[in-house]
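Please look over the sequence and the structure shown here. The paragraphs that follow lead through them one part at a time.

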Amino acid sequence: MIKSINHYQPQTVYFIASQETIEKIPEIKARSGLCTFKDHKILLEDINDVTGCYQKILNSTDLLEKNKVSRDAVIADFTGGTKAISSALVLVAVARGYSLTYTGGLSRDESGMGQVITGTEDFFQQVNPWAALAVEERKLASHNFNQYQFEAAKSAFNSAKYRVNQPKVKRQLEALAQIADAYNEWDRFHHSAAYNLLQQGANKISLFADTAADVEFAALSLQLSGNLEFLKSFSSSSGQFKNTCRSFILDLLANARRRASEGKYDDAVAR
């Protein structure tokens with residue numbers, strides 16, 4: 001902990017301690033001579049209760065939120081503590097969007113299985129996996145899509161694309177944004193544009209499903225194929241969506257049903 005404090009030079013340290021270890025804090029502060037900082041103490045009642053530790057640590061972060069401390073400025077060091085405390089701290093960091101750090105090293109006592117030998121420490125700062133995979137944005141995009149808010153879904157997928165750093169995941173999110181855009185055009189009766197966009201997006205999703213053997217992408221690919229088949233038949237029956245046909249009536253009724261499910265009954269009746 002002393003090495004970590006001197007390495008990161010924090011302005012404030014939140015010590016997560018038990019009744020037995022809280023007395024160690026003055027010693028840690030005294031030995032962290034390279035760094036002067038304010039400190040807060042989070043006293044845990046049961047160091048083996050993951051849920052209790054999580055709730056206590058989470059509640060303590062309310063002060064950071066209240067003081068408008070940027071989440072990017074917070075680092076959660078989960079090196080010390082019991083497994084329950086470290087697990088709880090990681091869960092809080094993931095939920096709040098904090099960076100994670102771990103102090104390790106190649107030189108250890110007890111035949112390489114014990115503590116890192118003093119002076120050989122190394123610091124491993126990691127991007128929050130929640131942020132790295134843009135979990136929140138993806139959840140928001142899925143929710144918007146399922147509520148027929150296709151434009152908002154497209155925006156969320158694009159936002160998620162800029163949060164991730166894995167090229168494959170970026171391409172997947174790009175394809176999903178294109179599909180959301182296709183359904184948005186379809187929902188506005190722009191059938192030709194919808195068909196072209198959906199065809200392009202479906203080809204990409206199909207590729208992901210085949211190469212990654214991903215069950216969710218495979219299910220999505222199957223659904224997209226069914227929708228494309230409908231639009232293809234629709235185009236053929238209506239002279240490229242220009243003339244009234246049975247598919248037009250079915251599409252209009254489906255649109256009315258979506259509006260009704262949103263509580264937009266006037267729009268549903270109009271359709």
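What is the handedness of the crossing of H10 and H12? The crossing is left-handed, where left-handed means that the near helix is turned anticlockwise from the far one by less than a right angle, and right-handed that it is turned clockwise. Before going further, note that this is a predicted model, in which local features need pLDDT of at least 70 and side-chain atom pairs count only at pLDDT 80 or more, while totals for chains, interfaces and linings use all residues. Residues are numbered from 1 along each chain as its sequence is written, and side-chain values use heavy atoms, with hydrogens and water left out.

The protein chain has 14 helices and five strands; these are DSSP runs numbered from the N terminus, helices being H or I with at least four residues and strands E with at least two. Of its 271 residues, 37% are buried, that is, under 20% relative accessible area, with exposed meaning over 50% and partly exposed in between (1.4 Å probe, protein chains only). Taking contacts between residues at least 6 apart in sequence, 58% join residues at least 24 apart; contact means heavy atoms within 4.5 Å.

Return now to helix H10, residues 167-187, and helix H12, residues 215-237, whose axes come within 13 Å and cross at roughly 30°. Axes are lines fitted to C-alpha atoms, for helices over the stretch in contact, and angles run from 0 to 180 degrees between N-to-C directions. H10 and H12 are therefore roughly parallel to each other, since angles under 35 degrees count as roughly parallel, over 145 as roughly antiparallel, 65 to 115 as roughly perpendicular and the rest as oblique. On the H10 side the contact is made by Gln 172, Leu 176, Ile 179, Tyr 183 and Trp 186, and on the H12 side by Phe 217, Leu 220, Leu 224, Asn 227, Phe 230 and Leu 231. By class these are nine nonpolar, two polar and no charged residues. Ala, Val, Leu, Ile, Met, Phe, Trp, Tyr, Cys and Pro count as nonpolar, Asp, Glu, Lys and Arg as charged, and the others, Gly among them, as polar.

H10 also meets helix H9, residues 150-163: their axes come within 8 Å and cross at roughly 165°, so H9 and H10 are roughly antiparallel to each other. This crossing is left-handed. Residues of H9 including Phe 150, Phe 157 and Tyr 162 meet residues of H10, among them Leu 173, Leu 176 and Tyr 183. The contact has ten nonpolar, two polar and seven charged residues.

Within H12, Ser 221 is buried, with a relative accessible area of 13%. Apart from neighbours within four places in sequence, Ser 221 is in contact with Ile 205 and Ser 206.

The loop between H12 and H13 holds Gln 240 and Phe 241. Neither is a glycine, yet phi is positive in both: near 60° for Gln 240 and about 65° for Phe 241. Gln 240 is exposed at 53% relative accessible area, whereas Phe 241 is buried at 12%.

Just after H13, Gly 263 has a positive phi of about 85°.
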